[in-house]
Amino acid sequence: MVTPHVSASWLARRGDLHALFDAGSSYAGNASVLERVGYPHEVWTEARMASAWMTSTWARSPDAVNHVYVHVPFCKSICHFCNYKRLRPGSADLMQRWLDRVLASLAVMGPATDGVTFHSLYFGGGTPSLLPRPMLEQLLAAIDDTLTFHPHAGRAFEADPAVLDAGKLAVLARHGIQHVAMGVQTFDARVNVAHDRGNQGMELVAERARQIRGAGIRGTSFDFLLGLHDTDPEAIFDDIDRALRDLSPRWVDVFFLTPTQRYVDLHFDGSFDAFWSHQRRFADVAADRLTAICRRHGYQLSGSDYDAYVLTRGAQGRFGSLPVIGPMVDRLARKVEHDPRLLGGVPRRMVQWIQARGDGVAASYAYTQLTAEQHLPLSLLGLGTGARSRVFGSAFVTCRDPGEDPEAAGTFEYVGGATDMAFEARAYLSDVLSDANRVPLSRLRTLFGVDVERLLPEAFAAWHQLGIARIEGDVLVMTPTDRADRYRALMWLLTDAQLEDELARVRRMDLSAQGLSALVAPFVPGAAVSTDWRLLTLEDGAIVLDTARGDTVRIRVAPKLTATHGVDLLPESRGAGTDLAKAVTRLKRAMAAHGADDLGITHVPVLTDTELSSAGQHEPMARTPGRPRRTQGDHVPAAVHTPEADAPRPLSDAQRAAFHRDGFVRPLPILLPAEVDRFRRWLEQVEAEESARRGGRWTQRDFDPDAQVDHPLLAWARELAAHPRLLDAVGSVLGPDLLVRNIDVFVREPRTGEGVAWHRDAPAVGPSTDGMLTAWLGLNPATRDNGCLQFAVGSHRTVLDGERLTKDTLTLPKALLPQLEGVALADDLLEPGQASLHHIRTLHRSGGNHTQGRRVGVVVRYAAATAPREVLDSGAAWLVRGTAPVRDDLLLRRAVPLTWVT
């Protein structure tokens with residue numbers, strides 16, 4: 001099909017939306033959860049949820065693979081490192097109330113799922129093994145009596161070794177549980193006690209593993225945590241080695257602990273830097289140690305640093321199968337049954353052998369919540385507080401107690417809303433393309449019943465025009481990128497309204513239909529807004545108008561992109577008639593009178609709240625200050641991109657040679673015109689807001705990074721400093737691991753006669769100075785008339801006679817200036833968006849601004865992660881790209897000093 005074209009203005013606005021989303025969203029960097037961005041938060045009754053199942057033809061398709069997830073939200077205690085919301089210690093009364101509600105839900109969902117075959121059953125939490133044996137028996141019996149399962153359905157159960165016993169295992173085995181996953185974390189009983197987990201060690205886990213096998217359950221797996229307080233890499237990897245050697249689990253999950261504020265307060269004196277420094281010891285050796293362990297015991301390793309590793313026995317996958325193998329076996333069996341001659345009888349025997357194996361690769365279906373893992377229509381029935389349900393192409397919801405009160409009477413509620421094939425396509429592509437560069441369009445066509453380009457036309461158009469993706473025959477091919485850039489590429493799958501909804505959430509704006517009703521008063525449904533247009537209805541995030549002739553227009557109510565408060569009204573079509581603009585103006589006036597211009601917050605806070613999580617259904621953690629990254633920095637702006645602009649920009653050999661020879665290199669193209677405009681508008685908005693707040697021109701010069709961490713100017717400066725094209729250039733000189741020591745904003749006002757005298761950026765001398773440089777990035781032209789920099793060529797390798805500079809006195813004394821006579825000088829002439837790099841020892845100066853316009857530039861001082869303390873000044877820095885080595889004289893922090901220089 002012909003890919004549609006999208007306008008440059010739309011691309012520009014989407015670029016701004018992407019940047020703001022990336023800066024403020026708790027989802028940032030995690031492509032696998034983009035499907036939930038901007039998702040409705042309607043509250044459905046159980047009857048409405050049942051209706052979605054009852055009318056679903058996809059769930060009843062012979063090619064569908066459906067799953068059941070039971071969430072048990074109870075624990076014997078709350079582990080110090082737990083980052084799930086609403087998990088609570090179990091009590092007999094609460095568990096009975098929960099069970100009664102689940103059984104009532106089954107009674108409703110059973111008839112609604114008549115004709116639906118389920119292919120796996122998974123118990124997560126919380127701690128499912130905390131349920132008493134009679135409750136387990138009652139629950140499993142009700143599930144088996146109510147729902148229909150495939151003969152080879154996979155069944156798995158999460159357990160705490162401390163609350164698992166032979167009686168419970170007998171119940172699990174009787175109801176076909178094939179796999180038990182135990183949360184071990186560490187075999188050090190002392191550490192477990194210190195984390196409120198009880199006195200759990202190797203002996204207890206080994207005894208439970210023996211009991212599991214004795215009950216006839218053949219599959220076990222263990223979870224371990226890297227980064228627990230008072231543990232060290234040697235001990236934890238020895239624990240994993242012992243587990244594989246002595247207990248032979250089917251697989252082992254090794255997670256990197258993600259700290260909560262509570263955990264850091266309890267165990268690291270409130271210092272995230274101390275925690276990440278501790279965890280880095282594990283990350284630095286994890287891959288090598290786990291690889292060696294796997295080789296020693298015949299396991300396979302997958303995963304990555306600061307995420308998780310999986311050690312899998314032999315060629316087996318989780319639960320003894322891959323999600324797609326079961327459907328493949330069933331299809332093969334049906335073909336052979338229909339025509340035994342088809343494959344000569346051998347495949348029939350192979351199918352029978354595979355299906356009969358109790359511990360084989362395809363002995364059962366695997367639980368998954370991702371369509372992308374099975375490539376077939378997926379529906380998921382969630383039972384219990386916190387469980388998600390998904391009816392393919394119809395609904396996506398999360399179960400909760402009525403009114404979020406576990407002690408309330410009544411049935412479950414479901415928070416979420418209706419979906420369509422565009423939602424499913426977005427979710428599928430987000431998951432698949434997070435890790436792959438190619439996907440067959442025929443597979444998508446079979447899965448969704450329509451060309452995916454028709455479901456997501458704007459995304460495909462943007463990908464095509466920006467060179468992000470192309471179609472080769474029947475294959476969608478993504479331009480290879482790193483993980484951070486791939487996440488930004490997948491953001492084009494989202495709609496404008498979804499991004500705007502997320503932005504409104506971050507700014508705490510109420511743009512629901514109820515909230516808009518108060519803002520547009522006195523206009524109510526049916527009221528005339530202009531000569532032609534009247535208010536038809538209010539939706540979440542939108543106002544719908546119509547005319548007597550039957551014309552309709554939907555107007556999105558979106559957060560402003562140029563400020564952190566206020567809204568814009570954006571008609572999605574021009575509609576019929578001549579006075580739509582007048583109607584929009586009148587709505588704006590009404591909304592302004594009711595405070596719409598003040599909606600939002602002046603400063604966007606760093607999000608630290610966690611999402612409700614269920615084991616097997618994990619939500620992303622909010623980004624936490626201080627976490628070292630192995631990707632390209634914490635945040636990168638995502639304005640309008642082109643293939644040329646998005647390409648890596650390392651320096652050429654000639655440019656690197658010029659830098660080392662002359663002490664500087666320029667000009668380097670960094671920002672696109674749209675990005676320059678966005679950063680300049682953002683800066684001007686911050687200035688205007690600060691000036692209005694102070695009743696006059698804003699002249700503040702220094703920012704305390706600890707006291708003002710949420711100031712929008714700091715966010716602006718950090719976004720520029722982490723721009724990937726700037727980091728590519730800097731990394732060509734300093735290497736892959738980069739720190740930022742400090743940032744300066746230089747604003748040379750019009751007709752300002754004063755310049756800056758000859759100076760260096762650091763007093764240090766010698767080879768250590770090669771580990772640091774200064775980047776000067778212009779948002780306006782830098783010319784001789786407005787005071788551009790001027791470099792003394794080759795001066796970075798010289799020390800003038802009598803030169804005695806200090807940290808506080810970097811300007812050359814006038815008595816030394818005659819020594820510069822005869823030295824070649826070079827003007828740093830730059831266009832907006834271009835940058836120069838200069839060595840910290842390069843002598844330079846700037847002149848006054850004799851023009852009618854401002855000269856605005858941003859100075860970022862970068863250092864290699866191995867740079868010595870003498871060039872790092874205070875010894876504190878921001879790790880903007882790569883990995884920081886473990887060193888006692890370096891303090892990593894997210895906020896760095898910023899100075900406004902006029």
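Trainee: Which residue stands opposite Val477 in E18?
Mentor: That's Arg438. Keep in mind as we go that this is a predicted model.

Trainee: Okay, and how many bridges join E16 to E18?
Mentor: Three bridges join them, and the two strands run antiparallel. Strand E18 covers residues 475-478.

Trainee: What's the strand order in that sheet?
Mentor: The order is E16-E18-E17, three strands in an open sheet with antiparallel pairing. E16 (438-440) and E17 (469-472) are the edge strands, each pairing on one side only. From one strand to the next, the twist averages 20°.

Trainee: Staying with strands, in which sense do E19 and E20 pair?
Mentor: Antiparallel, over five bridges. E19 spans residues 534-539 and E20 spans residues 542-546. Glu539 stands opposite Ala542 in E20.

Trainee: And which residue takes a positive phi in that hairpin?
Mentor: Gly541, with a phi near 80°. The hairpin has two residues between its strands.

Trainee: Let's switch to helices. At what angle do H8 and H10 pack?
Mentor: About 20°, and their axes are 10 Å apart. H8 is residues 233-247, while H10 is residues 272-297. Angles under 35 degrees count as roughly parallel, so that is how H8 and H10 are described relative to each other.

Trainee: Is the crossing left-handed or right-handed?
Mentor: The crossing of H8 and H10 is right-handed.

Trainee: Which residues make the contact?
Mentor: From H8, they include Ile236, Phe237, Ile240 and Leu244, along with Asp238, Asp241 and Arg245. On the H10 side, Phe282, Val285, Leu290 and Ile293 are among them, as are Arg281, Arg289 and His297.

Trainee: How does that contact split by class?
Mentor: There are ten nonpolar residues, one polar and seven charged.

Trainee: Last topic, aromatics. How many pairs turn up in the whole structure?
Mentor: A search finds 21 aromatic pairs. One of them is Phe123 with Phe157, a tilted pair at 5.3 Å centre to centre, with 45° between the planes.

Trainee: Where do those two Phe residues lie?
Mentor: Phe123 lies in strand E5 (residues 117-125) and Phe157 in strand E6 (residues 148-159). The pair therefore ties together parts that are 34 residues apart in sequence.

Trainee: Great, thanks for the walk-through!
Mentor: Any time.

Definitions and conventions: Residues numbered from 1 in each chain as written. Predicted model: local features only at pLDDT ≥ 70, side-chain atom pairs only at ≥ 80, totals over all residues. Heavy atoms only, no water. Axes fitted to C-alpha atoms, helices over the stretch in contact; angles between N-to-C directions. Helix = DSSP H or I, 4+ residues; strand = E, 2+ residues; numbered from the N terminus. Parallel < 35°, antiparallel > 145°, perpendicular 65-115°, else oblique. Left-handed = near helix turned anticlockwise from the far one by under 90°. Contact = heavy atoms within 4.5 Å. Nonpolar A, V, L, I, M, F, W, Y, C, P; charged D, E, K, R; others polar. Pairing = 2+ DSSP bridges. Phe/Tyr/Trp six-rings, centres within 6.5 Å; stacked < 30°, edge-to-face > 60°.
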